[in-house]
Amino acid sequence: MNGDTQAPTIDATTPPTASVPVAGSEPEVPSVDGRSSRWARHREQRRAEMLDIARHLIHAQGPDVTMEDIAAASGTSKSIVYRYFADKAQLQRAIGMHILSGMHRRLVQQLDQLEADSGAAAGPEQRIRAMISAYVAAAEASPHVYRFVTRPSEGLNHFLVSVARLVATALPSGIPAASAQVWSSGAVGFVQGAVDRWMTAEDEAPSHINAEELTDELLAWLMHGILPHLKENHR
């Protein structure tokens with residue numbers, strides 16, 4: 001795992017799809033009502049372009065990238081960047097939502113494949129495993145972007161809450177909503193902490209487990225607890 005890894009989920013290694021105009025070239029908000037929708041579309045497109053550039057820059061250079069760095073890479077001024085992202089926390093939140101969208105796409109693909117292979121709907125344990133797999137894959141695809149998104153901030157809180165909501169949809173329908181929310185939040189915190197440690201420990205242990213093994217262990221611990229795992233290792 002390194003910052004140069006191809007990033008299928010985060011899509012951080014594909015070149016930006018468009019360039020950003022130079023400083024001072026931003027059009028003023030049109031006063032004519034008939035142009036307001038075109039301005040809104042232009043602004044949304046510009047924001048997406050700038051987010052794309054920021055994501056690629058963080059993937060290549062690391063999570064300490066500054067708003068000045070993003071402005072320079074965009075060929076614009078820092079004041080223009082702040083028109084689209086009020087602060088770094090808002091940028092973090094936007095990138096987090098991009099990762100979440102990628103996780104959801106991966107999840108749907110995995111569940112569709114499972115159902116196609118088995119001819120039946122995926123069960124709760126299969127859905128939870130797919131969730132964990134999507135999270136681990138997102139972190140592994142671009143460690144720099146993952147670390148940027150998971151730094152403590154309001155952006156991180158929003159990301160984790162959104163992931164927990166996604167996890168809750170994988171639980172059996174008979175579980176009360178309040179219990180599902182609590183379990184999902186705890187599961188996401190557990191997986192996040194484990195993935196953070198796994199990525200940090202990659203170079204520390206010669207027997208470092210791979211992403212597939214990590215996913216299997218996290219699933220077993222979440223669904224069955226750690227005691228069966230300990231008994232198995234002591235046989």
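**Close-up views of the cavity, core and overall fold**

**View 1. Lining of the largest cavity.** The largest cavity is lined by M103, I128, M131, I132, Y135, V163, L166, V167, A187, V188, V191 and L222; a cavity is a set of points on a 1 Å grid over the protein atoms alone where a 1.4 Å probe fits but cannot get out, and lining residues have an atom within 4 Å of a point. The lining comprises twelve nonpolar residues, no polar and no charged ones, with Ala, Val, Leu, Ile, Met, Phe, Trp, Tyr, Cys and Pro counted as nonpolar. The space in this cavity is about 100 Å³. The model is predicted: local features need pLDDT of at least 70, side-chain atom pairs count only at pLDDT 80 or more, and totals for chains, interfaces and linings use all residues. Residues are numbered from 1 along each chain as its sequence is written, and side-chain values use heavy atoms, without hydrogens and water.

**View 2. Helices around the cavity.** Helix 5, helix 7 (154-168) and helix 8 (177-200) each supply at least two lining residues. Helix 5 gives the most, with four.

**View 3. The largest nonpolar core.** This core has 57 residues, and L91, I95, F159 and V195 have the most contacts inside it; its members are buried Ala, Val, Leu, Ile, Met, Phe, Trp, Tyr and Cys residues joined through side-chain atoms within 4.5 Å, buried meaning under 20% relative accessible area with a 1.4 Å probe, protein chains only. Helix 5 (residues 124-141) gives the most to the core, with nine residues.

**View 4. Surroundings of I95.** Leaving aside residues up to four places away in sequence, I95 touches L51, R55, I58, V145, F148 and V149, a contact being heavy atoms within 4.5 Å.

How values were computed: Buried means under 20% relative accessible area, exposed over 50%, partly exposed in between (1.4 Å probe, protein chains only). On a 1 Å grid over the protein atoms alone, a cavity is a set of points where a 1.4 Å probe fits but cannot get out, and a pocket is an open set with protein on both sides within 12 Å along at least five of seven lines; lining residues have an atom within 4 Å of a point. Grid points are joined across faces, edges and corners, and a volume is the space filled by probe spheres set on the points.
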